[in-house]
Structure formats: C-alpha cells, structure tokens
There are 2 protein chains.
Amino acid sequence: MADEKQPASKNITSLDIQAKELGIGGRLSPETDENLYKKRMQKRKDIQSKRLQVRKTKKGLLIVFTGNGKGKTTASLGMALRTIGHGHKVAIIQFIKGGWTTGEEKALKNLSSNISWHALGEGFTWETQDRVRDEVLVKEAWHVAKKFIKDESYKLIILDEINIATKLGYLSPEEIITFVKSLDNRKNHIVLTGRGASESIINQADLVTEMKLIRHPFKEQGIKAQACVEF
Amino acid sequence: MADEKQPASKNITSLDIQAKELGIGGRLSPETDENLYKKRMQKRKDIQSKRLQVRKTKKGLLIVFTGNGKGKTTASLGMALRTIGHGHKVAIIQFIKGGWTTGEEKALKNLSSNISWHALGEGFTWETQDRVRDEVLVKEAWHVAKKFIKDESYKLIILDEINIATKLGYLSPEEIITFVKSLDNRKNHIVLTGRGASESIINQADLVTEMKLIRHPFKEQGIKAQACVEF
C-alpha cells in the first residue's frame, strides 16, 4: 500500500479524515435501507481497524488534567482504579491536601495494597497561612514523587494538585520537565492534576485535557458541597 | 448583617468577588513580611467559611461530563469509588459498550457488592452495524436506568455514554428531562457521560463539565491505546 510509505502522522490524518467522511451512523442516518447502512458501517469499521494499526508507539505518558471544571482529581482516581484492576502498582502524591478526601481514601485503602499514598501537602494557602512552610512541603512532595517515578515497579504516579504548587511558585515547571526528560525509556505514566497548568508543562505533555466549567450549582444556586460529588 | 437580607445568589457573588480580590497567596505574593501574608490569608479564610455558610441547599444533582477530551467515564468511575467509600450504593448503566473496560470492571467488581452494573448497550455503531437493534438496546437501558433512579437506596446512578445515545437519535433528551423533572425531591445524583451532550440537557443540569482535548498522543504521535490509560 502506498499509505505505508507516508510518515505515520500523515497516514493517521488521512485515516481520520476518511473516518469523519464516513460518519458515525445512528437512527437519523440517511440510508433508507438497512443493508446500505450496514455497508457504510462496515467501511467505517475497516477504517477504524487501520487507525489502530498505524498507532504502534508505546511509551510512558505525561498526562495533564487541568481547567476550572470538575473531574480532574476524580479522573486520576479512576485511572488509579484501572491500573490496580490490571494488577499494577500506583503511587499517589498529594501536593495540596483537599482534593482526595474521605470517600476516596476509605475506598482506595480498602481496595488494594498496590496503592502507595502520600498526603504531603497541607491545606489551601488560606488554611496554612504560611508560604515558607508550604514551599518546604512541596519540595518534599516533589522529592518523594521523583523516587516513585524512577521506580519501574510503579505503573502510574499521580501528582495531585502539582499544577497549583507550580502556579503558586513553590516548584518550577522547568524542574519537572527537566527531570522527566532525563529519564531514558520511561515506562510508567505520570499524571499531573490541578487548575492552571503552566504552558511549558502543557507543551511537553502527551495528553492534556482541560476540564472546563460549564455550569456549577455550588456557584450559581448556592448548593452545598455534597458527599459522593465533592468528597 | 446586611448581607443576610440579600438573595442568596447576590450574597454568593459578593463573597466570590471579595475572595478574588484577596487572592490566593503563594511564594510570589507581594508581602515582604510573613505576618502581613498571614493576615491576608486569615481574611481569605474568613471569606471562605462565609462562602460555605451561604451554600445551604442539598439536593440530588444532575451531572454531565461531556466534550471530546479524556476523563468523562473515568471521572464518573472516581465518583462511584467515592460513593462506595461512603457506604452507599451505585448503579452503572452502560448505554454503549467500550467506555468501561477490563481494568475498571475487574477492580470495581472486586471492590464492593454495592455496585450494580448493567452493560446493556453494545459496541460502536460500526461494530454493531444495526441501528434498529441499537435503538432497542438503548430503550432497554433507559428502562433499567429509570428503575434505579426511582430507587432511593441508590445514591449514584451513572448513565454511561447516554449522551452518545441521544446524539445518535436513539433516545430523546426531552424524555430524560421530563422523567427527571417528574421526580419529587429526588435525593440521588445522576451522572450523564459522553461527548456531544444536547443543549437541552446542559441547560437542565446542575453541574456540567466539558472535558476539552488540548493534546492527544494517540492522534498526534501515533501512540497506541495503553492499559491503565485507555482501558
């Protein structure tokens, strides 16, 4: 196939376009005949399997969950659960306390001995009221984080609220990037959570999702933080 | 306090503005003296506790995770874990198969008898290639979903990929809204996941987060779907 001589990225783009042109199907599809519908979906299926074939690279990913919406810490918690489900080890390092709370902590601790949990940071700046101590704790958390990232027996390392720590000036994004780049052929995945991820981190990451707030009852309707949703 | 006579929403906004003006602190704060820093943070703390006080409403929330980024299903999985951690029951109804996979399923099934899992939908449209059957399965899933939503012993009901089902025309957003509105004083939280949530659902929801794709290695670098990240 001529396609195979193209650079991977060009091939990928071409397949993406073909997939888009074929569309996704569903009840409102234009076909008046179910066999025609089936035919188009079969074409789409063929494209999908080609799309999977051209994506061959496997590597440790640098993943960022940022933005002012909900789900950053919760999504990383879900990844922890997936990883444990596969029988791998997870390290969670909390740079600022508050994101992971009673519900998750209880559930995860009962769940598996494969989780290594380090709540190193303290509360919000207005709780601690001490920027000198805050910085010391962030540096300590980063020290622990590096240890786990270098330990190949850990498949997933979650650096919870580290983006806040860099935003507050307690740790430089460059320090994180330099360290991650220094590791040859890293196999484990690193997740950085927290709003306000720095541009340099975003540019370096493999997978970045911005959780964007669209509607929020706590802000708009005066609704109380509730168990299971917020903690 | 004069504040107390204001409508809740006005009071909330005023406190939000005061909090913003006080700022969040951190290493780069302007204060040259740690006591001055501590003083500003104490003021912020006072505002924060007022912010919590004015948010008094407690109710069952309608929560939407949408957008083309990562973390929609994973965030709802994290909420399931939180809920179980609090000792409550969770129902998960999958409208399209594929979002929850081996890692999560294994972990959750081992975790707790408090999870009721219903994988009712089949695969992507190009896998099933049968829109008539797809619609029947979606209607069945919605039937099961309603049963759990009406059952007050369930604290959290996750309708996974239901947004896709409505987008494909298999279930109308109005049917969902009418049903949810018909329930008096509902206590449980309902989570709707999937890209392409309809405008009417978004307008009705209490909490909407758009997971927005910023960078994605699978698309841009030809990286393979990997255990713990994708499944």
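Student: How close do the axes of helix 3 of chain A and helix 3 of chain B come, and at what angle do they cross?
Tutor: In this predicted model, the axes of helix 3 of chain A and helix 3 (residues 72–85) of chain B come within 7 Å, and they cross at roughly 80°. Angles from 65 to 115 degrees count as roughly perpendicular, and the two helices are therefore described as roughly perpendicular to each other.

Student: Which residues meet there?
Tutor: From helix 3 of chain A the contact includes A:Thr74, A:Ala75, A:Leu77 and A:Gly78, and from helix 3 of chain B it includes B:Met79, B:Leu81 and B:Arg82. The residues of this contact divide into eight nonpolar, four polar and two charged.

Student: OK, what about the sheet, how many strands does it have?
Tutor: It is an open sheet of 12 strands with mixed pairing, and its order is 3(A)-2(A)-4(A)-5(A)-1(A)-6(A)-6(B)-1(B)-5(B)-4(B)-2(B)-3(B). The edge strands are strand 3 (115–119) of chain A and strand 3 (115–119) of chain B, each of which pairs on one side only. On average, and with direction ignored, neighbouring strands of the sheet are turned by 15° against each other.

Student: Which way do strand 2 and strand 4 of chain B run, parallel or antiparallel?
Tutor: Strand 2 (residues 89–94) of chain B and strand 4 (residues 154–160) of chain B run parallel and are joined by six bridges. Within this pair, B:Ile92 stands opposite B:Ile158 of strand 4 of chain B.

Student: And back in chain A, which strands does helix 3 touch?
Tutor: Helix 3 (residues 72–85) of chain A packs on the sheet and touches several strands of chain A, among them strand 1 (62–66), strand 2 (89–94) and strand 6 (207–215), while its direction makes about 165° with that of strand 4 of chain A. Helix 6 (residues 131–150) of chain A lies across strand 2, strand 3, strand 4 and strand 5 of chain A, and it runs at about 160° to strand 4 of chain A.

Student: How does helix 6 of chain B pack with helix 8 of chain B?
Tutor: Helix 6 (residues 131–150) of chain B and helix 8 (residues 173–182) of chain B pack at an angle of about 20°, with their axes 11 Å apart, and they are therefore roughly parallel to each other. The contact is made by B:Trp142, B:Lys146, B:Ile149 and B:Lys150 of helix 6 and by B:Glu175, B:Ile176 and B:Phe179 of helix 8. These residues divide into four nonpolar, no polar and three charged.

Student: Last topic, where are the domains of chain A?
Tutor: The domain assignment of chain A gives domain 1 (2–54) and domain 2 (62–220), and 37 Å separate the centres of these two domains, taken over C-alpha atoms.

Conventions. Residues are numbered from 1 along each chain as its sequence is written. Chains are lettered from A and ligands numbered from 1 in the order in which they are written. This is a predicted model: local features need pLDDT of at least 70, side-chain atom pairs count only at pLDDT 80 or more; totals for chains, interfaces and linings use all residues. Side-chain values use heavy atoms; hydrogens and water are left out. Domain bounds come from an automatic or database domain assignment. Axes are lines fitted to C-alpha atoms, for helices over the stretch in contact, and angles run from 0 to 180 degrees between N-to-C directions. Helices (H or I, at least four residues) and strands (E, at least two) are DSSP runs, numbered from the N terminus. Angles under 35 degrees count as roughly parallel, over 145 as roughly antiparallel, 65 to 115 as roughly perpendicular and the rest as oblique. Contact means heavy atoms within 4.5 Å. Ala, Val, Leu, Ile, Met, Phe, Trp, Tyr, Cys and Pro count as nonpolar, Asp, Glu, Lys and Arg as charged, and the others, Gly among them, as polar. Two strands pair if DSSP finds at least two bridges between them.
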